[in-house]
Amino acid sequence: MGSIALDSLEGPFGSVTGELGGSALYFGLAAALIRPVELAGPVGHDAEEEVSRLLAGRPLDGSRISLLDAPTYHWSARQHTGGNLELGSSDSIYDHWRPDLPEGFGGWAFVGSMRADRQAEAAQFLRPSAALLAGDSMRSYVASLPSAALELVTACSWFFANREELAALGGDPADPDEFRKRWTLEGLVVKSGAAGSEVWTSAGPLRLRALSGYPVVDVTGAGDALAGGMLARWLESGARPEGLEDALAHGIGCASLAIADIGLRGLAAATPADLEERVEALFA
């Protein structure tokens, strides 16, 4: 579950407007390279056809995507020093939407970045029954709705954040494990872009480098793609502790595919074979 967006993006690639994006779609496309995924989130009529075309022929179930008479979430950003500088957003669609989720859901769930009050609502609904509940936040929503953002953290067993988001949530970027312990998380994934990523659990840190030698065009959605690839692979391979490194490698591979083109285009064009080639390169 997460946002479905029409993005305005600026970067070395130029500028685009009305580019399909959002955390639900980045996560879903990445995870669908490994296993089927069910999506939930709100979309307006202005993006209905684009979303339908994107999902067609993929192992993505969009039956819980809510079509509303409201404009699709719009997000604007400019790529700057390896990340995105947010320029603004329009999220009135969340005023008209409540999460559509199955009662007693017992599978794995990911609550991707969207307005923090809706994230908290979804997480509290899923928490009693989900076998694994993971979440991710966006720094601007942490700043505007801090109590709801922390409510999401308290509901999750796994959490994904970059170091800026960790700091916004009151954590020390130099000591991620203190944050994990304070919020009794089973796992904390810290995303550091070109510096790689790390997983913190009670067994200690697991670190992997970022992939090099591949094109970097647009960094939008890299974190959601990493979460989608990692969680899908870990679930598919049996969710054993010894499988975490392989799962993180698949997440990093998905992130690399996501940033290879503008918006969702890199992931939309990728195949499972492309992902495996990236994973092999990571360990080469």
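The following legends describe close-up views of a predicted model.

**View 1. Residue A31 in helix α1.**
Helix α1 spans residues 23-31, and A31 belongs to this helix. The relative accessible area of A31 is 1%, so the residue is classed as buried, the cut-off being under 20%.

**View 2. Surroundings of A31 beyond its sequence neighbours.**
When neighbours within four places in sequence are set aside, the contacts of A31 are V37, G228, G229 and A232. T81 lies 50 residues from A31 along the chain, and the C-alpha atoms of A31 and T81 are separated by 27 Å.

**View 3. The aromatic pair of F110 and F160.**
Seven aromatic pairs are present in the structure. One of them joins F110 and F160 in an edge-to-face arrangement, with a distance of 6.0 Å centre to centre and an angle of 85° between the planes. This pair links distant parts of the chain, 50 residues apart: F110 is located in strand β7 (residues 108-111) and F160 in strand β9 (residues 158-162).

**View 4. The aromatic cluster of F27, F110 and F160.**
Ring pairs connect F27, F110 and F160 into a cluster.

Methods
Residues are numbered from 1 along each chain as its sequence is written. This is a predicted model: local features need pLDDT of at least 70, side-chain atom pairs count only at pLDDT 80 or more; totals for chains, interfaces and linings use all residues. Side-chain values use heavy atoms; hydrogens and water are left out. Helices (H or I, at least four residues) and strands (E, at least two) are DSSP runs, numbered from the N terminus. Buried means under 20% relative accessible area, exposed over 50%, partly exposed in between (1.4 Å probe, protein chains only). Contact means heavy atoms within 4.5 Å. Rings of Phe, Tyr and Trp (its six-membered ring) pair if their centres lie within 6.5 Å; planes under 30 degrees apart count as stacked, over 60 as edge-to-face and the rest as tilted.
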